[in-house]
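Visitor: I would like to go through this structure with you. Could you bring it up?

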Amino acid sequence: MAATLSVEPAGRSCWDEPLSIAVRGLAPEQPVTLRSVLRDKKGTLFRAHARYRADSHGELDLARAPALGGSFSGLEPMGLLWAMEPDRPFWRLIKRDVQMPFVVELEVLDGHEPDGGQRLARAVHERHFMAPGVRRVPVREGRVRATLFLPPGKGQFPGIIDLYGSIGGLCEHRASLLAGHGFAVLALAYFQFEDLPENLSDVRLEYFEEALALMLRHPQVKGPNIGLIGVSKGADLCLSMAAFLKDNITATVLINACVANTLVPLYYKDLFVPELGCDQTKNKSGLMDLRDMWNNPLEEPNHQSLIPLEKAQGPFLFLVGMDDHNWKSDVYARIACERLQAHGKDRPQIIYYAETGHCIEPPYFPPPIATVHFVLGEAVFNGGKPRAQSRAQLDAWQRIQTFFQKYLNGEKPARHSKL
């Protein structure tokens with residue numbers, strides 16, 4: 001009997017959807033190796049492998065059988081995706097064109113040899129970033145350069161603005177996946193895209209105010225409340241939006257955020273917020289570890305860079321990687337909590353993830369432990385361990401959806417205060 005490899009759902013699935021992977025037709029207790037590979041738009045290969053042993057019936061179900069070694073070990077049904085590693089150093093899996101799926105090839109090889117034995121079975125599976133019926137609408141209105149993702153149907157949907165960090169360009173994958181869960185999400189570029197500035201030199205908040213106004217007047221966005229989600233530099237921009245453009249912003253998710261304005265100055269009307277400085281001489285190795293390089297925003301010379309988050313109207317959800325080596329996300333979350341409580345505001349939700357680095361992506365993205373920083377142009381250590389990071393990403397994804405579902409309900413935002 002020939003071995004067969006089955007992947008469910010059959011043929012295709014959304015990227016954030018778990019897979020059921022099973023092999024049948026093996027010999028009883030036969031040792032096999034499973035391999036996975038995908039190729040990104042730049043041609044870089046991402047690979048993972050794990051060694052298994054079939055049961056007494058010659059079957060293997062990754063939901064029940066622990067991996068015996070390889071890229072991961074133990075019971076990890078989705079390990080062949082999140083444990084993928086690139087074949088070039090400091091490379092990160094990024095999905096720029098969400099209209100095309102990642103094609104994942106899975107193989108079953110006989111034995112546990114490092115180079116693999118005879119191929120016994122093969123399957124190809126498409127991982128999509130737009131659920132059936134999700135609409136992708138390019139936005140080129142005024143100065144705004146973005147893409148709006150709308151869920152299926154003709155109703156109104158809770159609105160979210162999605163900001164990535166210093167990676168630049170237009171990042172659509174998180175927005176497109178969230179749209180599959182019932183949200184209208186605007187993936188917003190702010191540099192290195194089309195006619196936007198090529199480099200991140202300074203930031204004018206009026207641009208983001210224009211994007212907010214665009215969302216509020218869209219007929220399929222359920223006002224008057226809008227949510228924000230941002231990571232890294234995008235997170236401190238979300239903090240600035242919540243603080244200075246506070247009307248109508250009622251829920252903000254901050255993934256590894258700094259409580260100060262970072263990298264470049266921020267301008268809004270007559271307001272000027274300088275960037276938090278850093279001392280690159282504190283780096284102790286060739287691979288840049290930025291965690292201890294940033295100046296303390298609470299010290300008087302740097303105090304002007306602090307974002308007055310206590311002016312925000314809506315609640316915050318901080319998602320914090322405890323092994324973030326881009327900056328001290330855990331310390332900044334505690335500063336935010338103390339500052340809000342000192343002003344009589346509710347304590348924000350803070351979720352700490354052990355052994356988790358800077359890049360908390362949607363589920364099953366391989367965590368980039370070290371990457372080339374798009375602004376600094378050097379290899380930077382992001383931190384984290386793949387297994388812990390994969391669990392953090394899965395948990396964070398559920399918390400993000402629950403948070404937005406709770407607070408983007410179309411009602412008048414409540415004034416949050418302990419007084």
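This is a predicted model: local features need pLDDT of at least 70, side-chain atom pairs count only at pLDDT 80 or more; totals for chains, interfaces and linings use all residues.

Visitor: Which residues of α5 are buried?

Guide: The buried residues of α5 are Ser329, Asp330, Tyr332, Ala333, Ile335, Ala336, Cys337 and Leu340.

Visitor: How far apart are the end C-alpha atoms of α5, and what should the helix span?

Guide: Helix α5 covers residues 329-342, and at 1.5 Å a residue its 14 residues should span 20 Å.

Visitor: Now the active site. Where does UniProt place it?

Guide: The unreviewed UniProt entry places the feature "active site" at Ser232, Asp324 and His358. These positions are spread over 127 residues of sequence, yet they cluster in space, with a largest C-alpha distance of 10.4 Å.

Visitor: Where is serine 232 found? And is it buried or exposed?

Guide: Serine 232 lies in the loop between β15 (221-231) and α4 (233-244). Its relative accessible area is 11%, so serine 232 is buried.

Visitor: What is serine 232 in contact with, leaving aside its neighbours within four places in sequence?

Guide: With those neighbours left aside, serine 232 contacts Gly165, Ile255, Asn256, Trp327 and His358. The side chains of serine 232 and histidine 358 are joined by a polar contact of 2.8 Å.

Visitor: And histidine 358: where is it found?

Guide: Histidine 358 sits in the loop between β20 and β21 (370-372). Histidine 358 counts as buried because its relative accessibility is 4%. Beyond its neighbours within four places in sequence, it is in contact with Val231, Ser232, Asn256, Asp324, Asn326, Trp327 and Asn382. That list includes Ser232 and Asp324, which the UniProt record also gives under "active site".

Visitor: What about threonine 356, where is its place?

Guide: Threonine 356 is likewise in the loop between β20 and β21. With 1% relative accessibility, threonine 356 counts as buried. Its side chain reaches the backbone oxygen of alanine 354 at 3.0 Å. Apart from neighbours within four places in sequence, threonine 356 contacts Gly321, Met322, Asp323, Asp324, Gly384, Ala388, Gln389 and Ala392.

Visitor: Which residues are buried in α6?

Guide: Ala388, Gln389 and Ala392 are among them, together with Ser390, Gln393, Ala396, Trp397, Ile400, Gln401, Phe403, Phe404 and Tyr407. Helix α6 runs over residues 386-407, and its 22 residues should span 32 Å at 1.5 Å a residue. The end C-alpha atoms of α6 are 31 Å apart, which agrees.

Visitor: Changing topic: how many disulfides are there?

Guide: The count is 0 disulfides. Cysteine 278, for instance, is in no disulfide, as the nearest cysteine sulfur belongs to cysteine 258 and is 11 Å away.

Visitor: Let us turn to strands. In which sense do β4 and β8 pair?

Guide: Strand β4 (residues 31-39) and strand β8 (residues 102-110) are antiparallel, with 6 bridges. In this pairing, arginine 35 stands opposite glutamate 107 of β8. Strand β8 is also joined to strand β9 (residues 119-128) by 8 bridges, again running antiparallel. There, glutamate 105 is opposite valine 124 in β9.

Technical notes: Residues are numbered from 1 along each chain as its sequence is written. Side-chain values use heavy atoms; hydrogens and water are left out. Helices (H or I, at least four residues) and strands (E, at least two) are DSSP runs, numbered from the N terminus. The expected span of a helix is 1.5 Å times one less than its number of residues. Buried means under 20% relative accessible area, exposed over 50%, partly exposed in between (1.4 Å probe, protein chains only). UniProt positions are given in the numbering used here, feature names are shortened, and annotations may be inferred rather than shown by experiment. Contact means heavy atoms within 4.5 Å. A polar contact is a pair of N or O atoms within 3.5 Å; within protein, one must be able to donate a hydrogen and the other to accept it, and residues adjacent in sequence count only if both atoms are side-chain atoms. A disulfide is a pair of cysteine sulfur atoms within 2.5 Å. Two strands pair if DSSP finds at least two bridges between them.
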